[in-house]
Amino acid sequence: MPAFEDHPIVYQSFAVIDQEIGEHDLSPEGYAVVRRVIHATADFEFKKLLRFSDDAIAATSMALQAGCPIVTDVGMVAQGLRRIVRETFQNPVIAAIEHAPKSPLPDQTRTEAGLLRCAQQYPHALFVIGNAPTALLALCRQVSEGTVHPSLVVGAPVGFINVIESKQALSDLEIPRIWVAGRKGGSGVAAAIVNALVILAWERGMGDGYG
């Protein structure tokens, strides 16, 4: 069994979070994601900021169990989830920035260019954006045009420019998606969301021969 929680402090932290949140109307699986994000950030506002499409968690479990690649925007997100993925489904984890062309188009960021290149190669991937709103906007355009069909998109870029707009574009799509409303987010938040989803998928798949 993978060592998801390898220190008693993790359990103690979850107990503190449970106590401080108290009653809530989140589903058990949705709360598992929210709690892990709060654990990573010590920010209880994420209880109100995290948004889920109805099919997000179930679709993610199926995709992870099927070995679907995970494409992140930057290396920090990829690094934050590689350990738990390695201990479970061993999905390929690809950081888009590492696949960016040396000379992107004048109106493109390197992360956006790398993400578009990865989307062409892995159109059904799990896409996880924790840093670059330009990459999320570009991905949403590809989805709208019907050239990319993600198994899930996590939209958690952080900052002030194009951040809210990119998350709004994601929220308007009819695909499995999880996003953080407002300006908050970041690589640690994106990785925490995916780590929670991996654990949920692993626990769901235990009866199907995993572990």
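Which residue in β5 is the bridge partner of I129? It's G155, and the views below show the surroundings of that pair. This is a predicted model, so to speak a computed one throughout: local features need pLDDT of at least 70, side-chain atom pairs count only at pLDDT 80 or more, and totals for chains, interfaces and linings use all residues. Residues are numbered from 1 along each chain as its sequence is written, and side-chain values use heavy atoms, with hydrogens and water left out.**View 1. The whole chain, for orientation.** Nine helices and six strands make up the secondary structure; helices (H or I, at least four residues) and strands (E, at least two) are DSSP runs, numbered from the N terminus. The C-alpha atoms fill a box of roughly 50 × 40 × 30 Å along the principal axes. With 211 residues, a compact globule would have a radius of gyration near 17 Å, and the chain's 16 Å agrees (taken over C-alpha atoms; the rule is 2.2 Å times the number of residues to the power 0.38). Of the 211 residues, 53% count as buried, meaning under 20% relative accessible area with a 1.4 Å probe, protein chains only.

**View 1. Helix α7 on its own.** This helix covers residues 133-145, 13 residues in total, and reaches 18 Å from its first C-alpha to its last. That's close to the 18 Å expected at 1.5 Å a residue, where the expected span is 1.5 Å times one less than the number of residues. Just after α7, G146 takes a positive phi of about 80°.

**View 2. What α7 packs against.** The buried residues of α7 include L136, L137, L139, C140 and V143. Q142 is also on the buried list. The buried residues of α7 pack against α6 (110-121), β4 (126-129), β5 (152-155) and α8 (163-171), with contact meaning heavy atoms within 4.5 Å.

**View 3. β5 and its partner strands.** β4 and β5 pair in the parallel sense over four bridges; two strands pair if DSSP finds at least two bridges between them. Three bridges join β5 to β6 (residues 177-180), and these two strands run parallel as well. In that pairing, V153 stands opposite R177 in β6. L152 and V154 point one way from β5, V153 and G155 point the other way, and all are buried.

View 4. β4, α7 and β5 make a right-handed β-α-β unit. β5, α8 and β6 make a right-handed β-α-β unit too. Right-handed means that, with the strands pointing away from the viewer, the path from the first strand over the helix to the second runs clockwise.

Methods. Buried means under 20% relative accessible area, exposed over 50%, partly exposed in between (1.4 Å probe, protein chains only).
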